[in-house]
Amino acid sequence: MNFLDEEIETSEDIIRGTNDDATISRSSAVSLGYFQDPFVHFFVKKPVRRSPIINRGTFIRSYAMDTLVSQFLSTTGPKKQIVALGAGFDTRYFNIKAGYLDKEENKVSCQLSRYFEIDFPEITMKKVMTIKKRKELFSLLDDPEQAKIERGGMDLKSSSYCLLGGDLRNWSDITTKLVDAGLDLNAPTLFLSECVFIYLTPEDTNIILKWITDTMTNTFFALYEQIHPEDAFGKMMIRNLKSRSIDLKGIQAFPDLIHQEKRFKDLGWQSATAVDINTIHDKCLDRQEISRMARLEILDELEEWHLLSAHYCVAWAFKSMDYAEEFSKIRLHQSQTQTTIIFNKP
C-alpha cells in the first residue's frame with residue numbers, strides 16, 4: 001500500500017466519522033425533548049449532551065427536512081419513493097413507518113412505496129446488523145420475513161426498504177444497484193442529501209444531478225449543507241474542519257443561496273429555492289415552538305447562533321413531467337404567527 005492510498009483511506013474514515021457525530025447530535029436533541037425519534041438511540045453507543053446551539057441546529061435541520069418529506073409524501077398521485085444519498089444512520093424511514101411524520105389525519109406512511117438508502121459499505125454493514133438485531137426496527141419493514149441480507153451483510157432488501165452499500169463517487173455503479181433493487185424511474189421520487197454533496201467534488205455531484213435530470217421523470221430534491229466560505233466566520237469554519245482533516249469539497253462552487261438554486265436551474269429544473277437556517281428559525285417556526293425550545297435549554301450565545309445559522313442552508317427543487325403542479329406546493333411556509341410570506345421562488 002502506498003502513502004496515497006493510505007491518505008485516501010484515512011480521509012474516507014474521517015468523512016464516515018461525521019455520520020457518528022450527526023447521530024450523536026440527533027440523539028442529544030431527542031433526549032432533551034426537541035423532537036421525537038425513538039429509534040436513533042439504537043445507533044449510539046455513548047450518548048453525549050451537545051451544546052444548546054448544536055441541539056437547536058439539529059432540531060431545525062430535522063424540522064425542515066421532515067417538513068419537505070412529509071409534504072412530498074402528501075401530494076396527490078401514486079405512491080412515492082425516496083432515495084437518501086449518504087444516509088448514514090439516519091432513521092427517517094423508521095419514523096415514517098411508525099407514524100412520526102403523520103400530520104393529523106394525513107397518514108404519510110401509507111403513501112411511501114419504497115425507501116432507498118446508500119452509503120459506504122462500512123456504514124451499511126453496521127446499520128444492517130443493528131436493524132436485524134432490533135425488533136423495533138426490523139418489524140417496521142413491510143415484509144420482515146422476506147427481507148434479504150446480501151453481499152456479505154452490506155445490503156438489506158425488502159419490499160419497502162433497501163439499504164445499499166456503495167460509493168457515490170462511482171455513480172454508475174450506484175445507479176445499477178438502485179435499478180436492480182427496484183427503483184422506478186417514472187414514479188414520484190424524492191432524493192435527499194444532508195451534508196453529503198458538500199463532501200463530494202462539484203464534478204461528482206453534477207454527474208449525480210445530471211443522471212437524475214436525464215433519467216428520472218418526476219423528481220424532487222431536498223438538500224442541507226454549509227454555505228458562505230468567503231466571510232470571516234466561514235473561513236474559520238473551514239479552518240476548523242480542515243484541522244480535523246474534513247474538506248468541504250463543494251462549498252466553493254456553491255457558496256451561497258443563489259448558487260445553490262442555480263445548480264438545479266442550470267440543469268433545467270422547473271423550480272429551485274434555498275434559504276438559510278436563520279430564515280427557517282425566525283420566519284418558519286411559530287412563536288410557541290421557539291418558546292418551547294427556550295424552556296428546554298437556555299441559549300445564551302445568540303450572536304454565535306445567528307452566525308452559525310447563516311452558514312447552513314436548506315434547498316429544494318423539482319423537475320417533473322407529470323406532477324409539477326403538486327410539487328410546486330411543497331415548500332417551507334412562513335409561520336402564521338409571523339408576517340405572511342412563503343419562501344418559494346419560481
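Contact here means heavy atoms within 4.5 Å. This is a predicted model, where local features need pLDDT of at least 70, side-chain atom pairs count only at pLDDT 80 or more, and totals for chains, interfaces and linings use all residues. Residues are numbered from 1 along each chain as its sequence is written, and side-chain values use heavy atoms, leaving out hydrogens and water.

**View A. H2 meets H10.** Arg 56, Ile 60, Tyr 63 and Ala 64 of H2 touch Ile 277, Ile 280, His 281 and Cys 284 of H10. (Helices are DSSP runs of H or I, at least four residues, and strands are E runs of at least two, numbered from the N terminus.)

**View B. Phe 35 pairs with Phe 59.** A search of the whole structure turns up 21 aromatic pairs; rings of Phe, Tyr and Trp (its six-membered ring) pair if their centres lie within 6.5 Å, with planes under 30 degrees apart stacked, over 60 edge-to-face and the rest tilted. Phe 35 and Phe 59 make a tilted one, 6.3 Å centre to centre with 40 degrees between the planes. Phe 35 sits in the loop between helix H1 (3-31) and H2, Phe 59 in helix H2, 24 residues apart. Phe 35 counts as buried at 12% relative accessibility, and Phe 59 is buried too, at 5% (buried is under 20% relative accessible area, exposed over 50%, partly exposed in between, using a 1.4 Å probe and protein chains only).

**View C. Trp 171 pairs with Trp 211.** This pair is edge-to-face, 5.8 Å centre to centre and 80 degrees between the planes. Trp 171 belongs to helix H6 (residues 171-180) and Trp 211 to helix H7 (residues 202-215).
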